[in-house]
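This report goes through a few features of the structure shown below.

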Amino acid sequence: MRWRSTRRRPARPGTRIAAAGVLAGSLVAGLAVTPSAQADPATTVPRIVPAPVSMNTVPGQSFTLTRHTKIVVGSRSADVARVAASLAGLARPSTGYPLPVVGAGAGAHDAISLRLAALPQLGTEGYQLNVSRGGVQLAAPTAAGLFHGVQTLRQLLPAKVESHSAQRGPWTVPGVTISDHPRFAWRGAMLDVSRHFFTVAEAKRYIDEISMYKINVLHLHLSDDQGWRIAIKSWPRLATYGGSTEVGGGPGGYYTQKQYTDIVRYAAQHFITVVPEIDSPSHTNAALASYADLNCDGKAPPLYTGTSVGFSSVCVDKDLTYKFFDDVIGELAKLTPGSYIHVGGDEAHSTPLADYVTFLDRLQPIVHAHGKNMIGWNEIAQADVQGSPATLAQNWSILDGNTPAADPLATAAVQKGVQLVTSPANHAYLDMQYDANSPYGLHWAGYVSVQKSYQWDPATLFTGVTEQNIRGVEAPIWSETLTNIHEVEYMAFPRLPGIAEIGWSPRTGRSWDEYRTRLAAQGPRWTVMGVNFYRSPEISWDAQSATR
């Protein structure tokens, strides 16, 4: 299923954008939006991705940042202070304003005010945002909610706020009242660092980009046949030897435990939880090549730089296999504050089903013993997986997306009390080519246009599976054909924001025709940021908001 294409590098982002798109309609996520006076461009209907649950524009109440504007923090929380600092860090270079972060005693006039508030109806990640002539009021039950609210606020500002150098104003925020909270708790993006290695800086850049769209899980695919990417002190050759190559025979690489911790910490500052994956029992050639004793015959295979799948398998009958996973998961669990360890479980074509079940049944208690919950690809539902504590199955089946289909693995998981993370390969896999002319990517699951990546819903994927059986959505990006972060960006954008919206926004009211006008406003923002996005002809990219 893995195929390597001939690579042709697309042009890097430039300053030319296609003709301006039309403004978004007056319906956002199924709830009415009060349109504003056309004469005031600062109060036209904002185009925000993901769409808020409820948004009303307030004509005549736009707020303009000035040299005297301050950021007021109404809490002593260190997390809230970091959110305020991130907002100031975003806006200072482009506006040239000092934007000091001050305490609540400074007053709310000519200010962006951030405060924690008891708003139980918004859950743990929701927020309320009110913009009036006097200032901006952002309230949330948690610092995570405030962070998500700041991501909405940055989309209300002109796209040039993303610039690292001073730009000409005005810096006007339209008058709005927004109440917002996510539909699903799990809104993930997966980065495969095993087929090709991505540096710490590249991983952080991806975190910056996905957090803009309220993604809260970064799934790192840390091991595969082509490379092992995390240092394990008790098994050092995994990284130094197993991590020494990649697809095509490049130098590979790996994260030291300090570097991995740095990525985890950086993600947490963006309210993203890292979920590490150690794929098993297949996709294990890098480990088997590193330690001969892990093989049933005691002979290490050579390192692998191709793209085939399903040929490798751990030795299920050896006690050493389970000591190996106990050591690896134990070290990884200590480095990872999140509650999940991903164990893979996919494409185990060389592992007989009985052995596969035996292996998974012994692996799950190891994960639990280290204080973590288990997530695996949908094939884990073949084993005797336990729904409690909180096991998840990540379903990657090729599905219509709108007409429920019978899926035996989804049914088996739900019957065992296991919730699903939905990643249908023909909609959510960001490494699928847009069309036959795409310079990167694969197409074993079909070509995935921007429209196709958006037009599916987790609640209508499977027969016999309800929304209560679904933990959320995730957009994986596999790296057989992707060698650097710019190529990753080309495949992720503009599709990832749509999948983020599927995870965040209410199902009712979403439509492609409405969404594509909101997505158009993201293009100038990405251009300012230097994101190497694909200028899909499906979108009438907005040329105006970059300079407004």
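## Two crossing helices

The axes of helix H13 (residues 495-504) and helix H14 (residues 512-520) come within 11 Å and cross at roughly 125°. H13 is therefore oblique to H14 (angles under 35 degrees count as roughly parallel, over 145 as roughly antiparallel, 65 to 115 as roughly perpendicular and the rest as oblique). Helices here are DSSP runs of H or I with at least four residues, and strands are E runs of at least two, numbered from the N terminus.

Pro497, Gly498 and Glu501 of H13 make the contact with Tyr515, Arg518 and Leu519 of H14, where contact means heavy atoms within 4.5 Å.

## Basis of the model

The model is predicted: local features need pLDDT of at least 70 and side-chain atom pairs pLDDT 80 or more, while totals for chains, interfaces and linings use all residues. Residues are numbered from 1 along each chain as its sequence is written, and side-chain values use heavy atoms, without hydrogens and water.

## Backbone details

Two peptide bonds are described as cis. One runs from Gly169 to Pro170, with omega near 5°; Pro170 is in the loop between helix H2 (143-156) and strand E10 (171-173). The other runs from Phe493 to Pro494, with omega near 25°, and Pro494 is in the loop between helix H12 (485-492) and H13.

Leu99 has a positive phi of about 45° although it is not a glycine. Leu99 counts as buried, at 1% relative accessibility (buried means under 20% relative accessible area, exposed over 50%, partly exposed in between, with a 1.4 Å probe and protein chains only). Ala390, also not a glycine, has a positive phi of about 50° and is partly exposed at 27%.

Conventions. Axes are lines fitted to C-alpha atoms, for helices over the stretch in contact, and angles run from 0 to 180 degrees between N-to-C directions.
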